[in-house]
Amino acid sequence: MLICEETQILLECLWPKVQAIRTACETLLTSPRLPVFCQLILKVGNFLNYGHHTGDAGGFKISALLRLTETKANQSHITLLHHILEEVEKTHTDLLQLPRDLDFVSKAAGIHFDVMRAEAGANLKKLLEIETRLFLSTDDLKSQHAKSVQGSLEASKDLQKELATIEKKKEQIADYLCEDRKKLSLEDLFSTMKTFRELFLKALQENKERKEKASKSEKRKKQHKGEDAKRLKGEYGKSSTFNEN
């Protein structure tokens with residue numbers, strides 16, 4: 001039956017995406033580094049805003065992580081995120097592994113949970129209608145298609161259970177992040193975390209390159225200073241010899 005073939009194709013397409021979303025949700029809820037990093041950001045934000053109405057905040061929207069690159073020092077290419085990661089390298093080295101925690105979340109970015117749920121729901125509705133019509137049909141049709149339809153129904157219901165589990169995870173994440181359960185979008189959240197992960201890694205790499213550049217510059221300065229000292233010493237020695245003559 002065509003509906004059964006369509007169901008198989010749909011499930012093969014949706015299951016990997018559903019599993020990716022569930023893993024991403026669980027990662028956000030269990031990451032030990034994300035809350036620690038957010039606490040650090042909160043402390044920095046309250047320090048910078050001391051004396052203002054935002055200087056005693058109890059939390060912040062997760063999307064604010066993307067604004068860490070908007071606050072810049074006198075050097076326009078150095079952002080607050082660069083400075084925070086410099087501090088992390090000194091005192092919170094474990095937080096440097098945060099991008100690893102967000103790897104599965106990044107992979108889930110771009111997957112439309114609501115669209116998947118709608119597709120799965122529409123397909124299940126069709127199967128239930130077919131089941132009802134088949135129940136009222138002849139014994140011959142029942143013997144031909146009942147088993148395949150029932151198999152497709154069970155597989156579709158298993159997917160629905162997984163989608164329901166994700167919906168609960170979504171509510172847990174909303175509570176965890178102090179977001180509105182009805183307004184939280186997993187797609188937007190995963191996209192935010194993917195972008196933040198990329199910004200984190202980029203800033204980390206730029207810090208490394210800047211340190212290497214500064215180290216090389218300092219090494220050249222010392223080398224030039226040593227060469228200048230040798231040259232002056234040589235000139236002084238020649239001058240002394242000339243005076244003795």
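Helices here are DSSP runs of H or I with at least four residues, numbered from the N terminus. The model is predicted, so local features need pLDDT of at least 70 and side-chain atom pairs count only at pLDDT 80 or more, while totals for chains, interfaces and linings use all residues. Residues are numbered from 1 along each chain as its sequence is written, and side-chain values use heavy atoms, with hydrogens and water left out.

Empty space comes first. Rolling a probe the size of a water molecule over the atoms shows where such space is left. The search ran on a 1 Å grid over the protein atoms alone: a cavity is a set of points where a 1.4 Å probe fits but cannot get out, a pocket is an open set with protein on both sides within 12 Å along at least five of seven lines, and lining residues have an atom within 4 Å of a point. Grid points are joined across faces, edges and corners, and a volume is the space filled by probe spheres set on the points.

The second largest pocket holds about 320 Å³ of space. It is lined by 12 residues, and the closest to its centre are Cys38, Gly59, Phe60, Tyr176 and Leu177. H2 gives the most to this lining, with five residues. Sorted by class (Ala, Val, Leu, Ile, Met, Phe, Trp, Tyr, Cys and Pro are nonpolar; Asp, Glu, Lys and Arg are charged; the others, Gly among them, are polar), the pocket lining has nine nonpolar, three polar and no charged residues.

As for cavities, the whole structure has one of 30 Å³ or more. The lining of the largest cavity includes Leu28, Leu34, Tyr176 and Leu177, and helices H7 (139–176) and H8 (186–244) each supply at least two of its residues. That lining is made up of eight nonpolar, no polar and no charged residues.

Now for helix packing. The axes (lines fitted to C-alpha atoms over the stretch in contact, with angles from 0 to 180 degrees between N-to-C directions) of H2 (residues 33–48) and H3 (residues 80–91) come within 12 Å and cross at roughly 120°. H2 and H3 are therefore oblique to each other; angles under 35 degrees count as roughly parallel, over 145 as roughly antiparallel, 65 to 115 as roughly perpendicular and the rest as oblique. In contact (heavy atoms within 4.5 Å), Phe37, Leu40, Ile41, Val44 and Leu48 of H2 meet Leu80, Leu81, Ile84, Leu85 and Val88 of H3. These residues comprise 10 nonpolar, no polar and no charged.

The axes of H1 (residues 2–30) and H6 (residues 113–135) come within 11 Å and cross at roughly 150°. That makes H1 roughly antiparallel to H6. By class, their contact has 10 nonpolar, two polar and three charged residues.
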